[in-house]
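Please examine the structure shown here before reading the notes on its sheet, its helices and its chain contacts.

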Amino acid sequence: MKKPPVRWVALTAATVLTACFLLLPTLVVVPMSFNGSSTLGVFDGTWTTRWYDELLTSPAWRTAALNSLQVALGSTVLSTVLGTLAAWGLSKLGVYGRAIQGGSIAPVVVPPVILGVGLYSVFLTWQLNGTVLGLILAHTVLALPFVVIAVGASFAQLDPVYERAAASLGAKPFQTLRRVVLPLLLPGVVAGALFAFVTSWDEVVVSIFLTDAQTRTLPVEMWIQVRTQVTPTLAALGTCLLLVSSLALIAMQVLRRSERDA
Amino acid sequence: MPDNNTVTTGAALTLSGVTKKFGDAVAVHEIDLDLMPGEFLTMLGPSGSGKTTTLNMIAGFLQPDSGTVTLDGREITRTPAHARNIGVVFQNYALFPHLSAVRNVAFPLEMRGVSRKEALRRAHGALELVELEKCADRRPAQLSGGQQQRVALARAFVFEPGLLLMDEPLGALDKRLRETMQLEIMRLCRRVGSTVVYVTHDQEEALTMSDRIAIYNEGVIEQLGTAEDLYERPATTFVADFVGDSTILKGESQGDGTVVGAGWTAAGPERGATPKGDPASVVIRPEMVRLSPAEDAKSTVNQMTGEVADVVYLGSQVKYIVAGDGGDEVHAKVARSAQWSRFERGDRVSATWSAEDCVVLSS
Amino acid sequence: MTVGTVPAPRRRGLLGLGGGGWALVLPLVLFLAVFFLYPLVQMARESAAGGFAAYESILTSPVYRKVFGNTLTIAAATTAICLVLAYPYAYVMNRVSPRMRLALMAFVLLPFWASLLVRSFAWIALLQDSGLVNQALQALGLTDDPVSLIRTTPGVLIGMVHIMLPYMVLPLYTAMARVDDRLLLAASSLGANPRRRFVRVFLPLTLPGLAAGCLLVFTISLGFYITPALLGAPSQAMVGEVIAEQVEQFGLSTASALGIVLLTGTLVILVVIALLAKRLGRSAR
């Protein structure tokens, strides 16, 4: 190595420390959730699955989980449909399309607190506060940018030469659509849907404004509990959520790889 | 595999008066072409000269503004691409990335209502023909450039089209692989018997592969003929310049096939008469030029005296660039042999050529 | 295969066929108009319901001035710390083997996808007086009494940097991956020592990614609510917390006005920095 090793030692150390900083607080919830002590994060050397039992038997968590699932599925479907149609339309509209695409990404820029207050205010008149429908609509606003970007990328990569090739090989327009175009777009649509699901599943801020005692989602229930008392049950829940996120992330990577190989 | 040995009868293709404009720009102007069944025709020209546009109109990807396309006696000018039964090999192959090699090849058969099983059987047969049977289940991304090229070929001929179109199919390959593939494509085309229209901007490729070559320039065919025609009897200075190495001398026509330039006079067969006093060009192939020491110069016609300005070593040949005394330049390629005399830079030489080895063009 | 009058083949591909584009985009536009734009407009109306009293009180009150000051300071500090941590990390990511790169990328993405709340309460557990961090500090003999980390500004910064770091690493990584290695070799061959090669060649080439990362981190940080509410000192509140508090306790008027100020501020910063970056990029060319 010609490079002075000192620099590389420093760089490696910085990277390792940053990696630890990124990873440890996320992963530490796993041992915390099996910790016997009833104070979160204070280890007394005993291990238990008690917190998982509590999590599974508590009606509050069960309601919240069901709410979360309904909202996440609802907003995933709605945002994927709206976003995919729009991405398809935008791919045809050229310059105007790019302007609208820019506009559709705006919800990412607006702080969620502001959107929460605004939606709370209009949902008061529309009587959507404290309803699952209201939450689905709100989460769809937040998820749409991700869907439009992910699906838009697949449309942008769809080379029209494949349609020509299919036609030259004797495929009628409908056959081309079904056998060539849709399979090529699918990974983008699935990626968009995954993004939408995770966005809704983890959303706290807007939901805090829009939920009531019956419609609390998991993150909102967590938020209320964290503010009153930090219990190890939260760590058990956190571990479960981490598992879901990791699976989503792995699904995403597999998808990306298959797309690249494809 | 019986169906591998069936020889398709090539289709006859006729284009007449085909014109295509994009906005105000004329991409292709009044093209006429007549292809015999089984013929291998190459469209050669610089990029943007209209050859790919012509190909796209034959394939049905573009509609001509006027003129007709006829395949085996039936007019197909307005027939959609999928109903034409023409095989196309695309520039970057356009293999479907989500299908394996064999499924790509089976695709056109399935589109024609062949059962999945039978389609796969025939697709495997076609892959065998291009020696890719072992890669049948790989996705295009897992194949090398040359392998993708073969799959694209197999996919284009598996449904036995009477006409195969190829748009710079070897453009993405390196030189050595390109030469192998040229031979392979020729072998395959002869075997399946299709008529072929091949687009390239590589003149060597065109000379090697084709029965006839159409030279494109700015939307028109400048000359259509065999490789020999184009090389030995170019119709325009553009063709002379584009096909092979040549020296083009500009001078004034004497009206009788003689051209006078700065410090030289040339006479040779004329392509179209040029009135006396008009500008004319003389095309000379460098390998037809002989060099001798200047003091040996005998004739004054088809001769130029000058100084060796550069010597370029080409392996089996040596190229001399001779700066004529009148300011024009002539190139001479001399084969190295046991008894050749070598000139050095700065030597005074006389370059000569015979009348039948040069062509006089009006320009 | 029949020959006859068939409609002309399409030029722009099946799905790119002209016409119908607007019809497909319309549902999205309507949806965002009703559930995104209208709420913001409604909020603006709400904020001005009592004339401009709400704005006046915000602009004149020293309490709110302090809140905005805090917000800007914390967002700027978060951006700076993220940059310092992310730049070497992204650089190393670009220099290691593909396998290692995948691991480093996963370390960035996993927290990115993990619930923000889970990470925030994990920090509470770690940073509290009896938490692992204080235990470690005491075991190392660095301190005798527990250091208060939770409910302090350093606590907020730790939590926010942890959440925002991926937003800095990803654009930097992309920008660095785009730098052609041959340019660095060229710089060396032209006599640049490693330090100058970095300052004169590498850094300028990664500047767009750096700007994008900082812009992203800074503007997102301005609107934070959850993390400062859980990890921060109540006396050092950020605008997001105050807005939520206002809604809970005093209704929509002041909250809306604060929201409009925050939103306008965020947009102005975005536009100004984007314009500056554009000009900078042009002059660099």
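This is a predicted model: local features need pLDDT of at least 70, side-chain atom pairs count only at pLDDT 80 or more; totals for chains, interfaces and linings use all residues.

Residues are numbered from 1 along each chain as its sequence is written, while chains are lettered from A and ligands numbered from 1 in the order in which they are written. Helices (H or I, at least four residues) and strands (E, at least two) are DSSP runs, numbered from the N terminus.

**The sheet of chain B**

- An open sheet of mixed pairing is formed by six strands of chain B, in the order β6-β7-β8-β3-β9-β10; two strands pair if DSSP finds at least two bridges between them.
- Because β6 (86-89) and β10 (220-225) of chain B stand at the edges with a single partner strand each, one side of each is left without a neighbour in the sheet.
- On average, neighbouring strands of this sheet are turned by 15° against each other, direction ignored; axes are lines fitted to C-alpha atoms, for helices over the stretch in contact, and angles run from 0 to 180 degrees between N-to-C directions.
- Helix α5 (residues 145-157) of chain B packs on the sheet, where it touches β6 and β7 (163-167) of chain B, and its direction makes about 170° with that of β6(B). Residues are in contact if their C-beta atoms, placed from the backbone, lie within 7 Å.
- Strands β3 (residues 40-44) and β9 (residues 212-217) of chain B run parallel and are joined by four bridges; L44(B) stands opposite I215(B) in β9(B).

**A helix pair in chain C**

- Helices α3 (residues 62-95) and α9 (residues 194-222) of chain C have axes that come within 9 Å and cross at roughly 145°.
- The contact residues include T71(C) and I74(C) of α3(C), and G213(C) and C214(C) of α9(C).
- This contact of α3(C) with α9(C) divides into ten nonpolar, five polar and no charged residues. Ala, Val, Leu, Ile, Met, Phe, Trp, Tyr, Cys and Pro count as nonpolar, Asp, Glu, Lys and Arg as charged, and the others, Gly among them, as polar.

**Contacts between chains**

- In one contact, 20 residues of chain B meet 16 residues of chain A.
- On the side of chain B that touches chain A, α3(B) gives the most, with three residues.
- In another contact, 69 residues come from chain A and 71 residues from chain C.
- Helix α4 (residues 59-104) of chain A supplies the largest share of the side of chain A that touches chain C, twelve residues.

Technical notes: Two residues are in contact if their C-beta atoms, placed from the backbone, lie within 7 Å.
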